[in-house]
Amino acid sequence: MSSPENPKPPLAAGTLAEPTMNPTPSDSTPPVSRRQFLRDGLRAAGVAGLGGVAGLGAARTGAREYYWQIDPDKCVRCGRCATECVLQQSAVKCVHAYAICGYCELCTGYFNPEPNALNTGAENQLCPTSAIRRTFIEDPYYEYTIDEQLCIGCGKCVEGCSRFGNGSLYLQVRHDRCLNCNECAIARVCAGDAFRRVPVDQPYLLRTAPPAH
Amino acid sequence: MPPAAHATARARPDRTRVRRARVPAVLAGVCLVLMALNATAQHRFPPPDFEGGHTLPATTTPAPRALVLEYVDFGLLLAGLGVAAWLTLRRRSRRGVVILSLASLAYFGFYREGCLCVIGSIQNVALALADPGYVLPAFALGFFVAPLAVALFFGRAFCAGVCPHGALQDLVLVKPVKVPSWLEHALGILPFVYLGVGVLAAATGSGFIICRYDPFVPLFRLSGSFSLLVFGGAMLLLSLFVGRPYCRFLCPYGALLKMAASISRWRVRTTPDYCTQCRLCEESCPFGAMREPSSGAADPTTLVAERKRLTGLLVLTPVLIVALGWIGSRAGGPASLLHPTVALAESHLRQERAPMNYPPQSPEALMLVRARLDPAALLAQAAAVRRRFIVGGWLLGGWIGLVLGAKWISLSVRRHRTDFEPDRGACLSCARCFEFCPNERVRRGLLPPEALVLKAAHAGLPGAGAGARPAAAQAASRPVQPCPHA
Ligand code: SF4
Ligand code: SF4
Ligand code: SF4
Ligand code: SF4
Ligand code: SF4
């Protein structure tokens with residue numbers, strides 16, 4: 001910075017504006033240098049405070065619990081997964097644990113409680129979007145597969161399967177869709193308090209055995 | 001469990017099971033509910049073994065966005081902060097800041113979709129400090145610390161062009177209107193209040209309200225609740241005419257940055273060299289951050305009154321802190337309804353007093369079922385949360401009192417300022433005002449040094465008599481402000 005005794009012509013184009021990085025000329029007058037002193041002191045305190053927060057915070061860090069997931073044993077199928085997600089089509093979808101499925105002909109996750117007939121007619125289906133595919137395997141077994149493009153995560157099938165079936169249909173946050181919001185919009189209103197953070201290396205809470213009915 | 005294991009454990013032949021499955025679902029349901037009364041984990045319908053050797057499909061588990069990418073983002077944030085500090089303090093380039101803003105908006109905003117953002121990271125840190133059980137992602141801590149640390153030395157480099165929220169508002173600003181100074185100061189308190197409320201909500205485990213009511217993240221995602229999209233759209237419309245309304249009047253991280261930047265080591269200056277007080281930059285800042293020169297010298301006629309007022313404020317501030325703290329503690333009880341546990345306990349008690357008939361599978365009914373599992377524990381938890389809210393209410397009220405007091409005191413303290421210069425805390429480092437300064441235009445080669453006429457003599461600048469300090473030619477058309485401390 002140029003001082004009164006040592007005037008300096010304006011900087012040429014393209015040169016670095018060095019003066020910006022230096023104390024202003026007024027800093028040499030007493031009230032300002034007092035202020036400067038105060039500011040230096042406060043900055044030191046600020047650095048120390050921020051360092052303290054960083055240190056305390058660092059003691060609590062870890063990537064152990066990071067992604068949102070639904071504990072299927074706590075989910076009570078309240079329906080909010082379909083309506084509360086920040087995504088217009090929820091990131092929560094129904095998944096199927098095939099190894100638990102009883103392959104029932106009258107699948108209580110697929111058919112509404114009083115079906116006219118056990119066929120794929122839309123009026124017989126529980127799912128509002130016909131997202132469950134029913135494929136014949138061998139007499140008398142059918143396999144039920146979720147079409148995630150269509151599933152809206154409403155949990156109706158999950159309710160049917162959990163209440164009357166083996167509980168092989170359940171809801172999961174699908175991580176290819178989920179934005180991993182800092183505050184999951186569903187978690188905070190989940191009727192079953194079923195959402196929690198899960199470890200990075202285990203982002204799904206998969207069912208491998210039937211739930212306690 | 002592999003299918004083979006099921007096969008050996010099966011109790012009934014297949015045919016029986018299938019016939020049973022054919023009875024009407026209602027009857028099956030009743031029968032199964034009875035069966036289930038003392039049931040543990042077991043199959044109601046044992047899985048079959050397929051004669052045709054059908055292999056069971058596996059449940060797919062699509063991978064999430066890898067955690068390592070968050071650390072890449074943190075690296076980009078650091079790089080952006082460095083570039084922004086360099087652009088605003090050294091390179092002094094508004095164009096550079098605009099390019100950086102566009103890049104940040106595209107990457108951190110529309111590609112990364114805003115979350116987890118620096119603004120929201122306040123809450124992660126607050127929760128981590130309050131709750132040992134919460135695991136804080138290391139990059140979230142980094143997001144929180146880095147822009148503040150940079151602000152302590154280089155001013156609000158983050159706001160200049162790294163924050164996607166700021167960039168979005170900055171880039172749509174077409175016709176800034178001046179916010180009256182009293183309103184600017186009054187609304188400028190809001191970010192500090194919002195910061196306090198957000199930290200309290202996070203630290204008590206009530207949720208992250210700064211994320212919940214963020215106006216721009218739904219726009220970045222092009223998805224969100226209707227009311228939030230409307231709020232975001234309205235903020236964006238407002239940003240056309242009011243410079244960065246969220247930054248100035250709401251952003252809680254901006255409140256922290258303001259405090260850090262006001263004691264920064266280096267600062268953004270409008271002129272690259274010296275101020276000729278040509279007043280060309282006076283109205284250049286769309287964010288009300290430009291401050292006029294003032295002598296800072298005491299006026300003997302008002303000195304006594306001024307001293308009295310300052311003493312009064314210094315006495316009043318602690319009173320204000322205690323009084324607002326007390327109000328906060330009283331409000332803490334009702335405010336604890338923000339916490340889901342307290343809300344549930346409250347609706348449980350209401351249900352006990354005056355039962356409501358919710359449809360059985362409705363969220364409200366299901367919540368109450370959960371409450372009835374162990375009402376005593378729920379009420380105890382709620383009472384504990386409420387106690388935390390009362391302590392938090394004291395702290396929040398005291399904080400608001402402190403903010404109000406500090407604001408009043410800062411408004412009544414005399415400042416010594418020789419130049420037109422940006423307020424350290426309020427300046428968002430956008431680099432707009434630079435081009436208004438004739439010295440800057442000379443530096444950038446937009447004005448030849450010879451085109452400048454000597455105006456410094458009128459301004460009473462030291463060194464002007466030597467003829468070595470030309471002032472702007474344009475300044476001649478404007479009244480020249482005599483230097484107050486000449
Ligand atoms: S009933 Fe609901 S949860 Fe089940 S598949 Fe259909 S949309 Fe998905
Ligand atoms: S974290 Fe966000 S995107 Fe994912 S399920 Fe929750 S609300 Fe939906
Ligand atoms: S909000 Fe919770 S209880 Fe409701 S369906 Fe989703 S996971 Fe289940
Ligand atoms: S004030 Fe807040 S929103 Fe604005 S640029 Fe700074 S951090 Fe971003
Ligand atoms: S750089 Fe200049 S125009 Fe931009 S916010 Fe700071 S004072 Fe205002």
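Which residues form one aromatic cluster? The members are Tyr66(A), Tyr67(A), Tyr71(B), Phe74(B), Phe139(B) and Phe143(B). The structure is a predicted model, with an ipTM of 0.83 and a pTM of 0.85.

**Aromatic pairs**

Over all chains, the structure holds 16 aromatic pairs. One of them joins Phe216(B) and Tyr246(B) in an edge-to-face arrangement, with 5.8 Å from centre to centre and 85° between the planes. This pair links distant parts of the chain, its two residues being 30 residues apart. Phe216(B) belongs to the loop between helix 12 (209–212) and helix 13 (217–221) of chain B, whereas Tyr246(B) belongs to helix 15 (residues 245–249) of chain B. Phe216(B) has a relative accessible area of 0% and is therefore buried. Tyr246(B) also counts as buried, because its relative accessibility is 1%, and the cut-off for that class is under 20%.

**Arginines over aromatic rings**

Two arginine side chains are placed over aromatic rings, as listed below.

| Arginine | Ring | Distance from ring centre |
|---|---|---|
| Arg134(A) | Tyr142(A) | 3.6 Å |
| Arg92(B) | Phe434(B) | 4.1 Å |

In the second case, the charged end of Arg92(B) is the part that sits over the ring.

**Ligand surroundings**

Ligand 2 is surrounded by residues of chain A, including Trp68(A), Val86(A), Ala91(A), Leu179(A), Ala185(A) and Ile186(A). Cysteines also take part in this shell, namely Cys85(A), Cys178(A), Cys181(A) and Cys184(A).

Around ligand 5, the shell is drawn from chain B and includes Cys285(B), Cys427(B), Cys430(B) and Cys433(B). Other members are Val268(B), Phe287(B), Pro422(B), Leu428(B) and Ala431(B), together with Ser429(B) and Arg432(B). This shell has nine nonpolar residues, one polar and one charged.

**Confidence in chain B**

Chain B has a mean pLDDT of 85, and 84% of its residues reach 70 or more. Confidence within chain B is highest in helix 16 (residues 252–261), at a mean of 98, and lowest in helix 1 (residues 3–9), at 38. The pLDDT is below 50 over residues 1–39 of chain B, a stretch that has 47 contacts in the model beyond near neighbours in sequence. It is also below 50 over residues 454–486 of chain B, where the corresponding number of contacts is 62. Where pLDDT is low, predicted coordinates should not be read in detail.

Methods: Residues numbered from 1 in each chain as written. Chains lettered and ligands numbered in written order. Predicted model: local features only at pLDDT ≥ 70, side-chain atom pairs only at ≥ 80, totals over all residues. Heavy atoms only, no water. Near = heavy atom within 4 Å. Nonpolar A, V, L, I, M, F, W, Y, C, P; charged D, E, K, R; others polar. Phe/Tyr/Trp six-rings, centres within 6.5 Å; stacked < 30°, edge-to-face > 60°. Helix = DSSP H or I, 4+ residues; strand = E, 2+ residues; numbered from the N terminus. Buried < 20%, exposed > 50% of the residue type's maximum accessible area, 1.4 Å probe, protein only. Lys NZ or Arg CZ within 6 Å of the ring centre and 35° of its normal. pLDDT = per-residue confidence, 0-100. Contact = heavy atoms within 4.5 Å.
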